[in-house]
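Hi,

Here is the structure I promised to pass on.

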Amino acid sequence: MAEPELQLVARRIRSFPDFPIPGVLFRDISPLLKDPDSFRASIHLLASHLKTKHGGKIDYIAGEWPRPALPVSPAQAPPSFFPSCSP
């Protein structure tokens, strides 16, 4: 099952050789992030890899939380607004 997911992800990554300087291969993942199916597949592949490499001892995979439209301090925000990374 990983092979079709890997192909789906690979199709959404664009390569730009010699950008920004000669000898560098820039990989653009914005098409991957815009497509829900390929983004979901990339997260599944990452989770599967981490579970395999760490013996299934992964509790959470965390990403950046969306920032609020207005500045909010942790004291003013609801409890779920600032997720905690501590156990």
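First, a term: buried means under 20% relative accessible area, exposed over 50%, and partly exposed in between (1.4 Å probe, protein chains only). This is a predicted model, so to speak of local features we need pLDDT of at least 70, and side-chain atom pairs count only at pLDDT 80 or more, while totals for chains, interfaces and linings use all residues. Residues are numbered from 1 along each chain as its sequence is written, and side-chain values use heavy atoms, with hydrogens and water left out.

On the overall layout: the chain has three helices and two strands, in the order α-β-β-α-α from the N terminus. Helices (H or I, at least four residues) and strands (E, at least two) are DSSP runs, numbered from the N terminus. Of the 87 residues, 13% are buried.

Helix 1 (residues 2–11) packs against helix 3 at about 125°, the axes being 9 Å apart. Axes here are lines fitted to C-alpha atoms, for helices over the stretch in contact, and angles run from 0 to 180 degrees between N-to-C directions. That angle makes helix 1 oblique to helix 3 (under 35 degrees is roughly parallel, over 145 roughly antiparallel, 65 to 115 roughly perpendicular, the rest oblique).

Now the salt bridges, meaning a side-chain nitrogen of Lys or Arg within 4 Å of a carboxyl oxygen of Asp or Glu. There are three of them:

- D35 and R12 meet at 3.2 Å, N to O. The pair links distant parts of the chain, 23 residues apart. D35 is buried at 17%, whereas R12 is partly exposed at 26%.
- R14 and D28 have their closest N and O atoms 2.3 Å apart. This pair joins strand 1 to strand 2 (residues 25–28). R14 is partly exposed at 42% and D28 is buried at 13%.
- D37 and R40 come to 3.1 Å, closest N to O. Both sit in helix 3, three residues apart, about one turn. D37 is partly exposed at 47%, and R40 is exposed at 53%.

Last, I29, L33, F39 and I43 make a nonpolar surface patch with about 340 Å² of accessible area together. Patch residues have over 30% relative accessible area and no salt bridge; like charges are joined within 9 Å, nonpolar side chains (Val, Leu, Ile, Met, Phe, Trp, Tyr) within 5 Å. Areas are Shrake-Rupley with a 1.4 Å probe, and for residues only the protein chains shown count as cover. I43 belongs to helix 3 (residues 36–53) and is partly exposed at 38% relative accessibility.

Cheers
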